[in-house]
Amino acid sequence: AWTTGHVIEEQVERIRAQVGEGTAICGLSGGVDSAVAAALVQRAIGDRLTCVYVDHGLMRQDESAQIEKAFGDSTGGAKLVVVDAEKRFLDALAGVTDPETKRKIIGREFIRVFEQAQADILRGQGVLEGDGEGGLETAGPDGAGAKTFLVQGTLYPDVVESGGGEGAANIKSHHNVGGLPEDLSFELVEPLRALFKDEVRAVGSELGLPDAIVWRQPFPGPGLGIRIIGEVTKERLDILRAADAIARAEMTAAGLDRDIWQCPVVLLADVRSVGVQGDGRTYGHPVVLRPVTSDDAMTADWAKVPYEVLSRISTRITNEVAEINRVVLDVTSKPPGTIEWE
Ligand code: XMP
């Protein structure tokens, strides 16, 4: 019979068999899939796993700290490298307003930073030689020699969608933008390949990951970068983070987290409208609340969040976030509207 206990035992054995004496690297995104994959591999090979979390500065309030803490608490022995890359991402995004251009820039910078972190780790392990300036080389027979694996949180639906066959694929570091040698390839470890999302959550809970990660709603890779309509700046991010934190706190307090698929909060940074506060006129920005229900994000309906909850969110945001003087609700289904605004 299928039990989470069996799945964990079986996967831990498989990972041990696959990795042998090798080492593994796993990128953490903050989402449940990469966290559960990492926790399984940590259980199998302990501190021969190194996790990498690239903080692009586009996460929500306190989120990066929570990821670090949750990870440390639940997977005791795993090593975690946190790369603070906020400045790099914001510099790259300066002046950019087009949504797809933002995505491309964020994706490109992400790969660069992640590959640099990988190269540093591999150099530390003696798998790579060189200082990284004139390029790195795979250490020959004199090097550490142990194989390095890349952990990915691929789920069963992803495998089916891509028509993928049996696992253990190799991926080449084909981008060659982050200082990895071109001939370096990683064998993939994909411990979630047979699982559906609900099973991944069950395994995560069993492994002791906190609810905030196990039940985390979907959040896009480009983060708040695609929730600021207009140019992304540190100041705008901070405004959006403040508003978003209030919306999330009130949704959680109302017990709505598991009923709602996700609730993007979107800052219309280039729009201003007149408001009034006390005796003074304000000329501030609107934020849009976009709560949706969905099964798979392919289609969605706007969520009928109780008026009292919406009212509390609106009152708090306009009272507590000085730059925002209007809160609007998106009542569009998908299609025709996408879930995100960009
Ligand atoms: P849309 O806006 O297309 O979103 O209805 C569908 C789901 O995908 C998420 N999303 C993204 N996730 N990178 C991601 O990792 C992206 O660029 C991206 N764009 C949208 C969105 O949050 C929703 O869950």
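In which loop is Ala 297 found? Ala 297 lies in the loop that runs between strand E13 (292-293) and strand E14 (301-302), helices (H or I, at least four residues) and strands (E, at least two) being DSSP runs numbered from the N terminus. This is a predicted model, in which local features need pLDDT of at least 70 and side-chain atom pairs count only at pLDDT 80 or more, whereas totals for chains, interfaces and linings use all residues. Residues are numbered from 1 along each chain as its sequence is written.

**Overall organisation**

- The secondary structure of the protein chain comprises 10 helices and 15 strands, and 37% of its 342 residues count as buried, a residue being buried if 20 or more other C-beta atoms lie within 10 Å of its own, exposed if 12 or fewer, and partly exposed in between, with C-beta atoms placed from the backbone.
- Among the contacts in the protein chain with a separation of 6 or more, 73% are made by residues 24 or more positions apart, where contact requires that the C-beta atoms of two residues, placed from the backbone, lie within 7 Å.
- The chain is divided into domain 1 (4-213) and domain 2 (227-329), with bounds that come from an automatic or database domain assignment.
- Between the domains, 9 residues of domain 1 are in contact with 8 residues of domain 2, and the side of domain 1 that touches domain 2 has 4 nonpolar, 3 polar and 2 charged residues; here Ala, Val, Leu, Ile, Met, Phe, Trp, Tyr, Cys and Pro count as nonpolar, Asp, Glu, Lys and Arg as charged, and the others, Gly among them, as polar.

**Helices H4 and H5**

- Helix H4 (residues 86-93) packs with helix H5 (residues 99-124) at an angle of about 145°, their axes being 10 Å apart; the axes are lines fitted to C-alpha atoms, for helices over the stretch in contact, and angles run from 0 to 180 degrees between N-to-C directions.
- Arg 88, Phe 89, Ala 92 and Leu 93 of H4 make this contact with Lys 102, Ile 105, Ile 106, Glu 109 and Val 113 of H5, which by class gives 6 nonpolar, no polar and 3 charged residues.

**Helix H9**

- The 20 residues of helix H9 (residues 234-253) should span 28 Å at 1.5 Å a residue, and this agrees with its end C-alpha atoms, which are 28 Å apart; the expected span is 1.5 Å times one less than the number of residues.
- Buried residues of H9 include Leu 237, Leu 240, Asp 244 and Ala 247, and the buried residues of this helix pack against strand E9 (228-229), strand E10 (265-268), strand E12 (280-289), helix H10 (307-320) and strand E15 (324-329).
- Just after H9, Gly 255 adopts a positive phi of about 75°.

**Loop residues and cis peptides**

- Gly 153, in the loop between strand E6 (148-151) and helix H6 (156-161), counts as buried because it has 24 C-beta neighbours inside 10 Å, and, not counting residues up to four places away in sequence, Gly 153 touches Asp 33, Ser 34, Val 36, Ala 37 and Leu 192.
- Asp 62, in the loop between strand E2 (49-55) and helix H3 (63-74), has a positive phi of about 60° although it is not a glycine, and Asp 62 is exposed, with 11 other C-beta atoms within 10 Å.
- For Ala 297, a residue other than glycine, phi is also positive, near 70°, and Ala 297 is partly exposed, with 14 other C-beta atoms within 10 Å.
- In the segment after E15, where Pro 335 lies, a cis peptide bond joins Lys 334 and Pro 335 with omega about -10°, and a cis peptide bond joins Pro 335 and Pro 336 with omega about 10°.
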